[in-house]
Amino acid sequence: MPRVTGLAHITLSVRDRDASIEFYRTVLGFKEFKTRDGKQWLLTECRHPCGVVLGFIQHKDQFKATFDHRRTGMDHVAFQVGSLGELDYWEDRLTELDIDHSPVVHSDNGSMIQFSDPDGIQLELFCPAELGSDEA
């Protein structure tokens, strides 16, 4: 079977590309690296220092509706953090930025915080249980 060697990028459909870029830059540290606009869409790709690439595409004929995870398609995007201590840092950061978020939730799989971007796309900061167990 041919190999898949990794995840190249994820592109999110958004209502306002520039507002989304500002949110992901300010909150999560993404940086713009490529913009390609067409007649029917505006597209910018941003890269995070960890290597994740997110594209933000604003279709000119969009419906202006916010994201709904109950529809077929993507449910949420989860970003991994390195420890429970970092997850606590993120909880404080989201509070300082006045971003509505869940408290840190612990489960057998790991611990997480959930919040949403300006389009209602659900985001998660996740620490797998095996990383969090080192701090016990």
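1. Start with the spacing of the two domains. In this predicted model, the C-alpha centres of domain 1 and domain 2 lie 21 Å apart. Domain 1 covers residues 1-62, and domain 2 covers residues 75-135.

2. Next, the interface. Here 14 residues of domain 1 are in contact with 14 residues of domain 2. Between them the two domains bury about 1,100 Å². Carbon and sulfur atoms account for 70% of that area. On the domain 1 side, Phe23, Val27 and Leu28 lose the most area to domain 2. Together these three make up 43% of what that side buries.

3. Then the charged contacts. The count between domain 1 and domain 2 is 1 salt bridge. As for salt bridges by residue, the side chains of arginine 15 and aspartate 119 meet in one, with an N to O distance of 2.7 Å.

4. Now the whole chain. The protein chain has 3 helices and 8 strands. Read along the sequence, the pattern is β-α-β-β-β-β-α-β-β-β-α. Taken along the principal axes, the C-alpha atoms fill a box of roughly 55 × 45 × 30 Å.

5. Strand β3 (residues 41-47) and strand β4 (residues 53-59) run antiparallel. They are joined by 7 bridges. To find the pairing on screen, pick threonine 44: its bridge partner in β4 is phenylalanine 56.

6. Last, the annotation. An unreviewed UniProt entry lists residues 6-128 as "domain: VOC". Over residues 6-128, the chain is 20% helix and 37% strand. The end C-alpha atoms of residues 6-128 are 20 Å apart. Keep the UniProt range of 6-128 apart from the division into domain 1 (1-62) and domain 2 (75-135).

Key: Residues are numbered from 1 along each chain as its sequence is written. This is a predicted model: local features need pLDDT of at least 70, side-chain atom pairs count only at pLDDT 80 or more; totals for chains, interfaces and linings use all residues. Side-chain values use heavy atoms; hydrogens and water are left out. UniProt positions are given in the numbering used here, feature names are shortened, and annotations may be inferred rather than shown by experiment. Helices (H or I, at least four residues) and strands (E, at least two) are DSSP runs, numbered from the N terminus. Two strands pair if DSSP finds at least two bridges between them. Domain bounds come from an automatic or database domain assignment. Contact means heavy atoms within 4.5 Å. Buried area is the accessible area (1.4 Å probe) that two parts lose on being put together, summed over both. A salt bridge is a side-chain nitrogen of Lys or Arg within 4 Å of a carboxyl oxygen of Asp or Glu.
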